[in-house]
Structures are given as structure tokens and as C-alpha cells.
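Please keep the sequence and the model side by side while reading.

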Amino acid sequence: MGSAISSKFIGDLQDGGLLSELTKKIQSDDTLMLALRGHYINVYYRGGSILHISEQASGYSAKFDLNYARGKDLGLPAGAIQTPADCSNWVTALPRLKEAMNFHFAETRKSEREFQQLAAWENNRSVLSNDTEYFITDIEFADRDHSARLDMVGLKWPSNQRKDETRCTPVLIEMKYGTGSYDGAAGIAKHIEDLGKILGDSVKRESLNKTIEDQFDQLMKLELVDFTPHKKYGRAVVSGKPEVVFLLANHNPRSRRLLNIVNEIEESEHFDLRFFTASFAGYGMHDACMLKLEEFRALLRQFAG
């Protein structure tokens, strides 16, 4: 499960810190995303982890997943990061690592993960992120107790309540890319079943709210969320009934497969179920774009004819 990092770790990522050059690179490169994982961080590129940095007793340890390299020598820097120069070597290596991942993804498509990162960027850091009502604090969120993995977690903060940072609610988002992803072991019905178990546990719900609050606060400190807080903004407080959103990319409207699946779905007492429909195009999320189950069924019936 993702969680906030230590105060030392966050300090080293901020201006003047040991890892500050990496943060500046992420701030200026829209293809990169930072995820906070307690004692380590992941830097994502096209939905894959391009860099894993863990906190050590003396400095940090950096790793690149060599499965992406396919046996090619990429001339990786030393794993230990103990000086700013060590960090700089990894920042310099990023174009080579990106190239290796581009070759890998050309042969092993990971479209769902790639578009998941794009949705997070659009709501957190794009030119319109200040207008959206959803912010993403983590991707690839895992709950080991239920062997469940969710594509995105974050918070919903309605635009008409932006002067009150206590009006944020938790959001869990599952992305499905294409009609082939709707059913099976990782399908829509299975996710709803898993989420009923997770969000039916009040201790887990409170822990999730705290995690989202901490992640949002640290991402704000690292200037990786682009929105304009009010003058007396302190810290977002996450509470209330969770919202579970399905983001279904590139659905074929002529297919009845999705309609057949959602016709079998039942509402959960533990969360508000929503289906995201784009605002004409794009992944910017607004409350007005979230359809309730019956509204979504009606839309699918309209498509299916």
C-alpha cells in the first residue's frame, strides 16, 4: 500500500536536498510521475517504473528494472546515492532508460498503465488541472490483505467548496482499456467485490483517508500538484463516503459486452459507484461527468440500440 515518505526523505527531495535534482527533473518533464511508497519512491514513465529509490541508513539506493533492458548494457550509474553528484548521474541516465522502455513497450503493450498515468497527469499537472475536481495521489495502489490492486487513488474536491479544505472525499479509480478488459479475474465485477471488502472495513477506510491526505500534502510540498489554494489553505482533510470510479477508455459503443456486465452489478452500501464519461474529450474529471449506475446503464442501452 502506498504511503507518505519520511520527513528526511521529503527534505532530500526538496530544494537544496540530496535528491532535489530528480524532483526538478520530474517537475519539468510531463512524461514522469512520482509515487510515494513509505520507505521508497517510484518514478513512473509511460505507466512503468523507470526508477525505484529506497531510503537506506546512509543515503539512498536506486534501481532500474533490467527486464526493460532485455540484456542490453545501459551503462547504469552506481546504485548508491550518497551525494548530489550520484543523483545527477541517474538524472542524466533517464533518456537512455526511457529509450529502453520505449523499445520494450513497442513489443509488450501496456496501454492501460500508460493511459492511467496520462489521466493522473491531466488532473494533477496539466494546464487545466486547476479546473478539475479530482486529484490523483497514487497509482498502482495495492491491498495485500485482499490481493487487490487499484489503478489510482486520490481525492475529490468540488470546485464550489475550494475555500474549505475539509470537504475532500476519498476516490478510488479503476481504469479499463478496451472491451477485453471488462471481465475475468481483474474485471469490473471482481473489483467491485474486492472494494466492498476493503471499504467495508472502517479501520482500512480511515487508514486510506490518512494515506491520501499525507500523499497530497507531500506532493503539494514537492510542487507536483498544480492548483491554486486559497490564501488560508492549511492541509486537505479527507473524509466521508468513498467514491469508486470506473474509467473505461476506448469502449466500442456497438458492443453489448459492457451492458451485459453492468446489468449484473449491484450497488454497494460502502461506496458511491460512478462511471466516468469524458467532458467531450480528455481525462479531466468533474462531478458532472460521473454517472450513477442506472444512468450509465441507460447510456449503454442508448448506444446498443
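Which residue in β2 does Leu-32 stand opposite? Leu-32 stands opposite Tyr-45 in β2. The model is a predicted one, in which local features need pLDDT of at least 70 and side-chain atom pairs count only at pLDDT 80 or more, while totals for chains, interfaces and linings use all residues. Residues are numbered from 1 along each chain as its sequence is written, and side-chain values use heavy atoms, with hydrogens and water left out.

**The sheet**
- Five strands form an open sheet in the order β1-β2-β3-β4-β5, with antiparallel pairing; strands (E, at least two residues) and helices (H or I, at least four) are DSSP runs numbered from the N terminus, and two strands pair if DSSP finds at least two bridges between them.
- The edges of this sheet are β1 and β5 (80–81), each of which pairs on one side only.
- α4 packs on the sheet and touches β1, β2 and β3, with its direction at about 85° to that of β1; contact means heavy atoms within 4.5 Å, and axes are lines fitted to C-alpha atoms, for helices over the stretch in contact, with angles from 0 to 180 degrees between N-to-C directions.

**Strand pairs**
- β1 and β2 pair in the antiparallel sense over five bridges, and they form a hairpin with three residues between them, where Gly-38 in the turn has a positive phi of about 80°.
- β2 (residues 40–45) and β3 (residues 48–55) run antiparallel and are joined by six bridges, and Tyr-44 has Ser-49 in β3 as its bridge partner.

**Burial of β1**
- Five of the five residues of β1 are buried, where buried means under 20% relative accessible area, exposed over 50% and partly exposed in between (1.4 Å probe, protein chains only).
- Both faces of β1 are covered, with Leu-32, Leu-34 and Leu-36 buried on one side and Met-33 and Ala-35 buried on the other.

**Cavities**
- There are two cavities of 30 Å³ or more, a cavity being a set of points, on a 1 Å grid over the protein atoms alone, where a 1.4 Å probe fits but cannot get out.
- The largest cavity holds about 110 Å³ of space, a volume being the space filled by probe spheres set on the points, which are joined across faces, edges and corners.
- Its lining has 13 residues, and Met-33, Leu-34, Asn-124, Arg-125 and Leu-224 lie nearest the centre of the largest cavity; lining residues have an atom within 4 Å of a point.
- The elements giving two or more residues to this lining are β1 (32–36) and α4 (111–124), and α4 provides the largest share, four residues.

Terms used. On a 1 Å grid over the protein atoms alone, a cavity is a set of points where a 1.4 Å probe fits but cannot get out, and a pocket is an open set with protein on both sides within 12 Å along at least five of seven lines; lining residues have an atom within 4 Å of a point.
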